[in-house]
Amino acid sequence: MRARLAGLSPDALDKEQAELYRAITGGPRAAGPQAFALTDERGRLRGPFNAMLLSPPVGGALQAVGAAVRYHSVLTARVREIAILVVAAHWGSDFEREAHEAVGRTCGLTEAELAALREGALPGLPDPGELAAARAAAALARAGDLTDEEYGDAVAALGERGLFELTTLVGYYATLALQLRIFAGEHKEKA
């Protein structure tokens, strides 16, 4: 599939776009080892970050939410990556799946767990907290809600703060998946 929005060249950005570009490429996503590249060989942002440059005020706020749920959350790295991959599978988001499978491997997700998540199934997770988080993420992606039982299980596993952060994470990655469909051409053609 071809991207609908051409990659925005770093040397063609206005002042606000350049500030956002620096916030993305110089922020926590760029620190330490990277499981996936933020930019292409010409320095253009990859994935959902390119479209964020279209509106620096909104794109900046959105990328700040993403940084908060990835780097300042009480959710464990495994819970976070499991939830992201649940959302990626639900939305059919190839970029998010590929990027976060790579991140998932760095935090200990097995190939069997990744394969199950890729197929939209919940893997046999040994940790009950991870399983409760995966079930909650799947319910949120599918129905946009939790039953009282799912809510209770999620709060028992993650606490109220953790569940708040999980719902924010699911909403954030659903937003990215939607934007990737629209701007990066991840849409599936209707038969």
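Glu 130 and Arg 78 form a salt bridge in which the closest N and O atoms are 2.8 Å apart; a salt bridge is a side-chain nitrogen of Lys or Arg within 4 Å of a carboxyl oxygen of Asp or Glu. The pair links distant parts of the chain, with Glu 130 in helix 7 (residues 128-143) and Arg 78 in helix 4, 52 residues apart. The structure is a predicted model, in which local features need pLDDT of at least 70, side-chain atom pairs count only at pLDDT 80 or more, and totals for chains, interfaces and linings use all residues. Residues are numbered from 1 along each chain as its sequence is written, and side-chain values use heavy atoms, with hydrogens and water left out.

**Salt bridges**

- The structure holds ten salt bridges.
- Both partners of the Glu 130 and Arg 78 pair are buried, where buried means under 20% relative accessible area, exposed means over 50%, and partly exposed lies in between (1.4 Å probe, protein chains only).
- Asp 40 and Arg 44 meet through their side chains in a salt bridge of 2.7 Å, N to O.
- Arg 44 counts as buried because its relative accessibility is 17%.
- Arg 80 and Glu 81 form a further salt bridge, with the closest N and O atoms 3.4 Å apart.
- Glu 81 is buried, with a relative accessible area of 0%, and Arg 80 is buried, with a relative accessible area of 12%.
- A network of salt bridges links Arg 97, Glu 98, Glu 101, Arg 105, Glu 111 and Arg 118.

**Contact of helix 4 with helix 6**

- Two packed helices are described by the angle between their axes and the distance between the axes.
- The axes of helix 4 (residues 77-91) and helix 6 (residues 111-118) come within 8 Å and cross at roughly 35°.
- Axes are lines fitted to C-alpha atoms, for helices over the stretch in contact, and angles run from 0 to 180 degrees between N-to-C directions.
- Helices (H or I, at least four residues) and strands (E, at least two) are DSSP runs, numbered from the N terminus.
- Helix 4 contributes Arg 78, Ile 82, Leu 85, Val 86 and Ala 89 to the contact, and helix 6 contributes Glu 113, Leu 114, Leu 117 and Arg 118; contact means heavy atoms within 4.5 Å.
- The residues of this contact divide into six nonpolar, no polar and three charged.
- For this division, Ala, Val, Leu, Ile, Met, Phe, Trp, Tyr, Cys and Pro count as nonpolar, Asp, Glu, Lys and Arg as charged, and the others, Gly among them, as polar.

**Nonpolar surface patch**

- Leu 54, Leu 178, Ile 182 and Phe 183 make a nonpolar surface patch of about 330 Å².
- Patches are made of residues with over 30% relative accessible area and no salt bridge, with like charges joined within 9 Å and nonpolar side chains (Val, Leu, Ile, Met, Phe, Trp, Tyr) within 5 Å.
- Accessible areas come from the Shrake-Rupley method with a 1.4 Å probe, and for residues only the protein chains shown count as cover.
- Leu 178 is found in helix 8 (residues 148-183) and is partly exposed, with a relative accessible area of 41%.
- Leu 54 lies in the loop between helix 2 (48-52) and helix 3 and counts as partly exposed at 44% relative accessibility.
- Apart from neighbours within four places in sequence, Leu 54 is in contact with Leu 5, Leu 8 and Phe 183.
- Leu 54 and Ala 138 are 84 residues apart along the chain, and their C-alpha atoms are separated by 30 Å.

**Buried residues and their contacts**

- Glu 130 counts as buried at 8% relative accessibility.
- Not counting residues up to four places away in sequence, Glu 130 touches Arg 78, Val 79, Ile 82 and Leu 125.
- The C-alpha atoms of Glu 130 and Tyr 71 are separated by 18 Å, the two residues being 59 residues apart along the chain.
- Gln 63 lies in helix 3 (residues 56-71) and is buried, with a relative accessible area of 10%.
- Beyond residues up to four places away in sequence, Gln 63 touches Leu 20, Ala 23, Ile 24, Arg 29, Met 52 and Tyr 172.
- Leu 38 has its place in the loop between helix 1 (15-26) and helix 2 and counts as buried at 6% relative accessibility.
- Leu 38 touches Ile 24, Thr 25, Arg 29, Ala 30, Arg 44, Leu 45, Arg 46 and Phe 49, residues up to four places away in sequence not being counted.
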